[in-house]
Amino acid sequence: MKNRLILVFLTLLLSACQSIPGLEPSMPDWWVSPPEDSAKWLYGLGEGPNLNAANQQALSNIAGKLQTKISSSLSRRTQETTVSSSDYIDRQLSSEIEKVSLSHFETLKTETLSHRVMTLVRVDKEALANDWSRQLQVIENDLEKILSDKQSGRFTWWMGARSFTFRAAEGDRLASLISGLTGVDQGAQFSQQLSNAISKNKPSVIIKGDQTVINRAITAELLSQELRVGGCKKCDLVINYDTKFSSKVLFGESIVKMDFSGTLTDNSGDISSDHWSISASSVSGLDVGKKATLSMAVQKIKGEGLWKIFGMETK
């Protein structure tokens, strides 16, 4: 009993000591008054259960400040430009801040209080801008290769250009970030350049197939991609396919199988080809089963994409 009373007394004493202002853990000066951002450095505070988590929070705080700075800088620089230019930049800055790479940082201060790690981190703005500039240069070089390519067939070029759309948008985003961070306009509008080139070089296409319903589905897909269908003496792309049907009766139902063979051909020869089969069952006979397979083929075109059903791997 005596030991229990002593334990209770010590517990109360400890609690009382912790409530005394002079005995509370003091926050480090760098946490209370962190350094201000400068022309070279961006600073951020973070805390977490360990150093890595604390650093990540600090970097997240820096990223937030960075986006605010970039948005503000670009807003000032675009006040005298057209509304469309301002809207264009705004679209580039709307991407998620977590996509911003903040790899050029160093941990300046750390402190552990009450099992929580506190940290002060700084990011080298010049190194970050240089890193983004290197990435931008790679994208610009690759885009230039596409725009200057005169050797590839029109359809092959068009497919390659379309697959570059995401990287062109990434280049625009990087250019906007660099412009805002450094105050020097990069003047890059890669997406617009690529879009203009694609619009001016749309391939013409002709369809050679034996099924009207499939032809209609292919035509709809081509038109949705703004391609020219038919009306060409020497088309840039020939979509050629044929279908074969077979059937058998099983447990009173007609099992109809359609074999599809298709090839894409441009002026240089065959580009890709594929063969696949679809089966459907019907209690109403062969014709109904055949219509069911054709309907399934149309759904395959819509679901998988036109180019994939002809054996092309697209990005």
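User: A polar contact is a pair of N or O atoms within 3.5 Å; within protein, one must be able to donate a hydrogen and the other to accept it, and residues adjacent in sequence count only if both atoms are side-chain atoms. So which residue caps the N-terminal end of α5?

Analyst: D124 does. One of its side-chain oxygens lies 3.1 Å from the backbone nitrogen of E126. This is a predicted model, where local features need pLDDT of at least 70, side-chain atom pairs count only at pLDDT 80 or more, and totals for chains, interfaces and linings use all residues. Residues are numbered from 1 along each chain as its sequence is written, and side-chain values use heavy atoms, leaving out hydrogens and water.

User: OK, big picture. How many helices and strands are there in the protein?

Analyst: The protein has 10 helices and 8 strands. Both are DSSP runs numbered from the N terminus: helices are H or I with at least four residues, strands are E with at least two.

User: And what share of the residues is buried?

Analyst: Of the 315 residues, 36% are buried. Buried means under 20% relative accessible area, exposed means over 50%, and partly exposed is in between (1.4 Å probe, protein chains only). The accessible surface comes to about 18,700 Å². Carbon and sulfur atoms hold 51% of that. Those areas come from the Shrake-Rupley method with a 1.4 Å probe, and for residues only the protein chains shown count as cover.

User: What about contacts between residues at least 6 apart in sequence?

Analyst: Of those contacts, 66% join residues at least 24 apart. Contact means heavy atoms within 4.5 Å.

User: Back to α5. What span should it have, and how far apart are its end C-alpha atoms?

Analyst: Helix α5 covers residues 125–147, which is 23 residues. At 1.5 Å a residue it should span 33 Å, and its end C-alpha atoms are 32 Å apart, so the two agree. The expected span is 1.5 Å times one less than the number of residues.

User: Which residues of α5 are buried?

Analyst: Among them are W132, L136, I139, L143 and I146. K125 and D131 are buried there too.

User: New topic. Which order do the strands of the open sheet have?

Analyst: The order is β5-β4-β6-β7-β8, 5 strands with mixed pairing. Edge strands β5 (228–229) and β8 (269–282) each pair on one side only. Two strands pair if DSSP finds at least two bridges between them.

User: Are β4 and β6 parallel or antiparallel?

Analyst: Parallel: β4 (204–208) and β6 (237–250) pair over 4 bridges. I206 stands opposite V238 in β6. Helix α9 (212–224) packs on the sheet and touches β4, β5 and β6. Its direction makes about 140 degrees with that of β6. Helix α10 (286–304) also packs on the sheet, touching β6, β7 (253–266) and β8, at about 135 degrees to β8. For these angles, axes are lines fitted to C-alpha atoms, for helices over the stretch in contact, and angles run from 0 to 180 degrees between N-to-C directions.

User: And in what sense do β7 and β8 pair?

Analyst: Antiparallel, over 13 bridges. A hairpin of 2 residues joins them. F260 has W276 in β8 as its bridge partner.

User: Pick a residue in α9. Is I218 buried or exposed?

Analyst: I218 lies in α9 and is buried, at 0% relative accessible area. Beyond its neighbours within four places in sequence, I218 contacts I207, I239, Y241, I301, L306 and F310. I218 and I239 are 21 residues apart along the chain, with C-alpha atoms 9.1 Å apart.

User: Now β7. Which residues is V256 in contact with?

Analyst: V256 is in β7 and is buried at 0% relative accessibility. Leaving aside neighbours within four places in sequence, its contacts include F245, I278, A280, L286 and T293. V256 and L286 are 30 residues apart in sequence, yet 6.8 Å apart C-alpha to C-alpha.

User: Last one. Where is S114?

Analyst: S114 sits in the loop between β2 (105–113) and β3 (116–124). Most residues other than glycine have a negative phi. S114 has a positive phi, near 50 degrees. H115, in that loop too, has a positive phi of about 65 degrees. S114 is exposed at 61% relative accessible area, and H115 is exposed at 76%.
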